[in-house]
Every structure is written in structure tokens, then in C-alpha cells.
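Biologist: Please take a close look at one part of this model, the salt bridges, and talk me through the pairs and their surroundings.

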Amino acid sequence: MAIVRKLISQSTVDGPGNRFAVFLQGCNIRCAYCHNPETQAMHDDEAHEMSVVDVIRELEHCVPFLRGVTVSGGECMLQPEWLTELFLAVKRLGQIRNHPLTCLVDSNGTIPFSHYPELMQVCDGVMLDVKAWDEAVYSRLTGAPSNQVVRENLGWLLGCDKLTEVRIVCLSGRVDVETILENIAETFDSIGRKAPVRLIRFRPQGVVGELSNHPMPSDEQMNNYARFAHELGLGVTIR
Ligand code: SF4
């Protein structure tokens, strides 16, 4: 059983193509810009336990319209065994229907993917949040002591060709966007492979606390970040 916050039967913002999105309850960090703070606690009245069979029952009628399934959170890697079971069941369903489905994870990268070989065998890729590069910046932003595992995941996922996308939430004055981009470019160069990078504009909607009135980065600021990334040889998109 997993603790599921919500299901979206057809989403176009949770990875490539039209996807069935599963949002698991519970997160192990506390980002100051979190849009869904209600997903952070491991238990919540609006979340409920679901088996893999329950989820498959919800998604099987959508199969002809789907490119795949994305599991997000909270932090879905807190429930890795269930995730593995779900992905195995999704792959089986795709085979039975003769309609292959891809299985993606959307993660804050704080759990080492290398510890879950069975999951990584059936997972097609990870959309990895790199929230900050500097450890002190990361700690201030997330309340977590270190981003060492996130950095290791970046290289490890790229090395085994499972890095679908790197995501950076651009929050002027709080996130070291240029440093993140420089270090991503360095990691790509050292491994000799690239992955798409998505620059996500910070938006205060849903955010509680000190950043609830923080301004969004301007178009000019976002374009400057994108230009900087292009100069580093990165393929970026802005959302
Ligand atoms: S990782 Fe995601 S769900 Fe967890 S606190 Fe950060 S933004 Fe919220």
C-alpha cells in the first residue's frame, strides 16, 4: 500500500506526452517555495492508502490516450518498493494492451537511486529537481542539511541514461541558478552525455510563509538565465 494524495488521469505537465500522474503523500524536506505544503506530512486526511491494483484500475481505461505514467509527490522515492511494483504492473498492462507505456519518477533527488536497482530497471527516467548547488543555499531553502545525494544522483542517473530532465525553480535572490547551471554543464561534460534542463519560474500561488509575497522572476531575468545556459552548451526550456 502507498499513501496517495491524488491521481490525475491525463496530465501534459508531468513529463513528455499525455501522462497519468500519481502524487504520493509525504516529503522528507521542506522547501520554502513548496506549492503543495499539504503533501509534506506523511499522513493527511485528504490522502488515502491505495494498492497497485487500485491505481491500475483507475488508469486502465485511459491507456489508449497515454504515453505513460509519472509518479510525483511529496517525494515518491520515500515509497520505493510500491513504486517498483506499480511500474512493473504498468509495463505489464502496456504489453497486454500492445500499447507500451513509459514510467517516470519526479523526485527531489534526496534518496540515492543507485540503491534501488530493481526500480531503476523498470523506470524509464527521472525528472530531477536540483534546488540549489551550494550546500548552505540548499539548507536555507529546504531545511535539509546537505544536497550531496542530489549531486550524486545527477551524475549517476546521467551515467546510466535515466535522466529525463533536470528541473530548476528560479527564485531570484534565493536560488543560485547560475551556479547550478555551471555545475550541471560540468557534470554533463565529465560524463559525456546531456539531458534537457527546464527552468521553472517561481510562482507564489499556493506558497505559505515568507515567500508567499516574493516576486516572480521577470521575463528578462528568465531569458538571462536561459541565455547563460545556452552559452554553457545546455539545452533549456522555460516554464
Ligand atoms: S520537494 Fe516538492 S513536495 Fe517536498 S517540500 Fe519541496 S517542493 Fe514541496
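Modeller: Glu165 is buried, because its relative accessibility of 9% falls under the 20% limit. This is a predicted model. The side chain of Glu165 forms a salt bridge with that of Arg198, at 3.0 Å from N to O. Glu165 sits in strand β7 (residues 163–170) and Arg198 in strand β8 (residues 197–201), so the pair links distant parts of the chain, 33 residues apart. Arg198 itself is partly exposed, with a relative accessible area of 23%. The two also belong to a network of salt bridges that includes Asp106 and Arg167.

By the rule applied here, eleven salt bridges are counted. Another of them joins the side chains of Arg5 and Glu46 (3.3 Å, N to O). Because Arg5 is in strand β1 (residues 2–11) and Glu46 in the loop between β2 and β3, this pair ties together parts 41 residues apart in sequence. Arg5 counts as buried at 11% relative accessibility, whereas Glu46 is exposed at 56%.

Arg5 has a further partner: its side chain makes a polar contact (3.2 Å) with the side chain of Gln25. Gln25 lies in the loop between β2 (19–24) and β3 (48–50) and is buried, with a relative accessible area of 0%. Beyond its neighbours within four places in sequence, Gln25 is in contact with residues including Ile3, Glu38, His43 and Gln79.

A salt bridge also connects the side chains of Lys91 and Asp124 (2.6 Å, N to O). Lys91 is in helix α2 (residues 80–96) and Asp124 in the loop between α3 (117–122) and β6 (125–129), 33 residues apart. Lys91 is partly exposed at 24%, and Asp124 is partly exposed at 33%.

Technical notes
Residues numbered from 1 in each chain as written. Predicted model: local features only at pLDDT ≥ 70, side-chain atom pairs only at ≥ 80, totals over all residues. Heavy atoms only, no water. Helix = DSSP H or I, 4+ residues; strand = E, 2+ residues; numbered from the N terminus. Buried < 20%, exposed > 50% of the residue type's maximum accessible area, 1.4 Å probe, protein only. Polar contact = N/O pair within 3.5 Å; in protein donor to acceptor, adjacent residues only side chain to side chain. Contact = heavy atoms within 4.5 Å. Salt bridge = Lys/Arg side-chain N within 4 Å of Asp/Glu carboxyl O.
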